Amino acid sequence: MVNRKVLQLEQDHQDEQLLAAVKVIEDGWETLEENVPVYTPDLQFFENLVAEQKQVMKRKLIRELAIFTVAALLIVTSVLFMLYQVPSVFFILQGVVTVFIMAYSTVSFVKQVNGT
């Protein structure tokens with residue numbers, strides 16, 4: 001019976017220490033909340049931020065579409081020129097590209113299967 005009282009007293013002492021630590025932490029949080037101001041930006045700030053981001057994305061989209069269009073026109077023009085002016089070069093180029101794609105695909109597949 002004596003052992004139980006000793007254990008109970010030690011547990012009560014630990015509970016008091018725990019409650020004291022919790023009190024110190026709560027006081028610290030209250031002090032922090034009092035000393036650090038909380039500032040929430042107004043709605044206009046976020047609306048301006050969204051509008052600026054939309055403008056940046058629109059400019060980027062227009063630039064990328066222009067680059068894509070110019071590159072596509074150059075490729076199509078050169079392919080059509082070769083097809084009508086120098087058909088032998090066109091067919092050789094088609095064969096080389098086909099062989100290259102097949103070889104590249106095969107090598108990639110083999111690497112993927114081997115795990116390298």
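The expected span of a helix is 1.5 Å times one less than its number of residues, and helices here are DSSP runs of H or I with at least four residues, numbered from the N terminus (strands are runs of E, at least two). Keep that in mind for helix 3 below. What you're looking at is a predicted model, so local features need pLDDT of at least 70 and side-chain atom pairs count only at pLDDT 80 or more, while totals for chains, interfaces and linings use all residues. Residues are numbered from 1 along each chain as its sequence is written, and side-chain values use heavy atoms, with hydrogens and water left out.

**Overall layout**
- The protein has three helices and zero strands, and along the sequence that reads α-α-α.
- The accessible surface comes to about 11200 Å², with 68% of it belonging to carbon and sulfur atoms; areas come from the Shrake-Rupley method with a 1.4 Å probe, and for residues only the protein chains shown count as cover.

**Helix 1 and its charges**
- Helix 1 covers residues 2-35 and includes E26.
- E26, E30, E33 and E34 make up a negatively charged surface patch. Patches take residues with over 30% relative accessible area and no salt bridge, joining like charges within 9 Å and nonpolar side chains (Val, Leu, Ile, Met, Phe, Trp, Tyr) within 5 Å.
- For charges, Lys and Arg count as positive and Asp and Glu as negative, leaving out His and the chain ends; the place of a charge is NZ of Lys, CZ of Arg, CG of Asp or CD of Glu.
- E26 itself is partly exposed, at 43% relative accessibility.
- The salt-bridge count is one, the rule being a side-chain nitrogen of Lys or Arg within 4 Å of a carboxyl oxygen of Asp or Glu.
- That bridge pairs D27 with K23, whose closest N and O atoms are 3.6 Å apart.
- D27 and K23 are separated by about one helical turn because they sit four residues apart in helix 1.
- D27 is partly exposed at 32% relative accessibility, and K23 is partly exposed at 48%.

- S78 lies in helix 2 (residues 43-85) and is partly exposed, at 34% relative accessible area.
- S78 and F90 are twelve residues apart along the chain, with 9.8 Å between their C-alpha atoms.

**Helix 3**
- The 28 residues of helix 3 (residues 87-114) should span 40 Å, and the end C-alpha atoms, 41 Å apart, agree with that.
- G115 follows helix 3 and has a positive phi, near 85°.
- F100 belongs to helix 3 and counts as exposed, with a relative accessible area of 56%.

Methods:
Buried < 20%, exposed > 50% of the residue type's maximum accessible area, 1.4 Å probe, protein only.
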